[in-house]
Amino acid sequence: MLKKLLLALVLLTLVGVVGYAAYRALLLQSQSHEVPTVALVRVDAAAAADGLSQAIGVPTVSNADPAKVDAGAFRYFHRFLQARFVRTHQALSVETVNDFGLLYTWKGSQPELPPVLLAAHFDVVPAPPEGWTHPPFDGVIADGFVWGRGALDDKNSMMAIMEAVEALIQLGYQPRRSLLLAFGHDEEVGGERGAKAIAARLAERGIKASYTLDEGGAVTRGVVAGVRRPVASLMAGEKGYLSVKL
C-alpha cells in the first residue's frame, strides 16, 4: 500500500512539473523584432587589412604564468591601438584590467538602457616558425589575405570592432544604448585575469548587458562532409563541449 502511495505521489509530482513547464512555455512570447534597413557604410578594405597586419605584428603571446608574459609586447599593443584609433580613444572611456585587459565604454544617449557588450581577445598562442606559408608575426598581406597568428583567433574580431567604432564616430553616430568593448589578454590560457576579471568588474557595478557578441565561429568551405556550399557556424553559447560522429 505504501509503495502504491509513493508511486502515485511521484507520478503526481511529475505531472505537475510537466504541466507547469508546458504552462510556462505557452507564456513565452517571440523576441524577434523587425529591424529597419540601413545604408551600408563604405569600408576602406586596404586600410582595414593594414590595421590587422600591424596588430598581428605584435606578438601578444599569453602564458599561464604571468611572469613569463612579454609585458613589453602587450604595452606596445596598447600604444598601437591608441595611435590607430584616435577618435575612439577620445570619445570612449578606457580602463585597463589586470595590467593588459581592456574595457571601453561608449556612453549612449539613453544610458539607462541595458548596454550591448562586444567581446574579443588579443592574446595568441605560441607560433613556432616552421610550417607557415609566411612568418607568423609578420602580418603579410598576400593573395587577398592577411597572414599570421591571430588573423582568425582573434585579433580579426577585435580589429573589426575597433575599425567599426572609429568609422561610426567619424560619421557622427551616437548609440542609443551604451556600448561596452571587452578585450581580454589571456583567453588562450583560460581568461582568468582578462574576461573573468572584466565580467566581475561589471557585476560589481550592477551592469547587465542586453546581449553579448563574442568570438563565434567562421564561414568555412569543405569542413562539413558532403556540403559544397559555404557553411556558417553559429556559436549560441559556450556551455560545454560535445563531439558527435555521424
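**A loop and its cis bond**

I started with Asp154, which has its place in the loop between strand 5 (145–146) and helix 5. Helices (H or I, at least four residues) and strands (E, at least two) are DSSP runs, numbered from the N terminus. The model is predicted, so I kept in mind that local features need pLDDT of at least 70 and side-chain atom pairs pLDDT 80 or more, while totals for chains, interfaces and linings use all residues. Residues are numbered from 1 along each chain as its sequence is written, and side-chain values use heavy atoms, with hydrogens and water left out.

I then found that the peptide bond joining Asp153 and Asp154 is cis, with omega about 0°.

**Helix 2 against helix 5**

Next I looked up how helix 2 (residues 45–56) packs with helix 5 (residues 155–170): the angle is about 135° and the axes are 10 Å apart. Axes here are lines fitted to C-alpha atoms, for helices over the stretch in contact, and angles run from 0 to 180 degrees between N-to-C directions. Helix 2 and helix 5 are therefore oblique to each other; that word covers what is left after under 35 degrees (roughly parallel), over 145 (roughly antiparallel) and 65 to 115 (roughly perpendicular).

Which residues meet? From helix 2 I listed Ala47, Ala48, Gly51, Leu52, Ala55 and Ile56, and from helix 5 Lys155, Asn156, Met159 and Glu163. Contact means heavy atoms within 4.5 Å.

I traced an open sheet of five strands in the order 1-2-6-3-7, with mixed pairing; two strands pair if DSSP finds at least two bridges between them. Strand 1 (93–97) and strand 7 (211–213) are the edge strands, each pairing on one side only. The twist averages 20° from one strand to the next.

Strand 3 (residues 116–121) and strand 6 (residues 179–184) pair in the parallel sense over six bridges. I noted that Val116 has Leu179 as its bridge partner in strand 6. Helix 6 (residues 195–204) packs on the sheet and touches strand 1, strand 2 (101–106) and strand 6.

I also checked Asn98, in the loop between strand 1 and strand 2. Asn98 is not a glycine, yet its phi is positive, near 50°.

**Salt bridges**

How many salt bridges are there? I got seven, counting a side-chain nitrogen of Lys or Arg within 4 Å of a carboxyl oxygen of Asp or Glu. One that I followed up joins Asp50 and Arg84, at 3.7 Å from N to O. This pair links distant parts of the chain, with Asp50 in helix 2 and Arg84 in helix 3 (residues 71–84), 34 residues apart.
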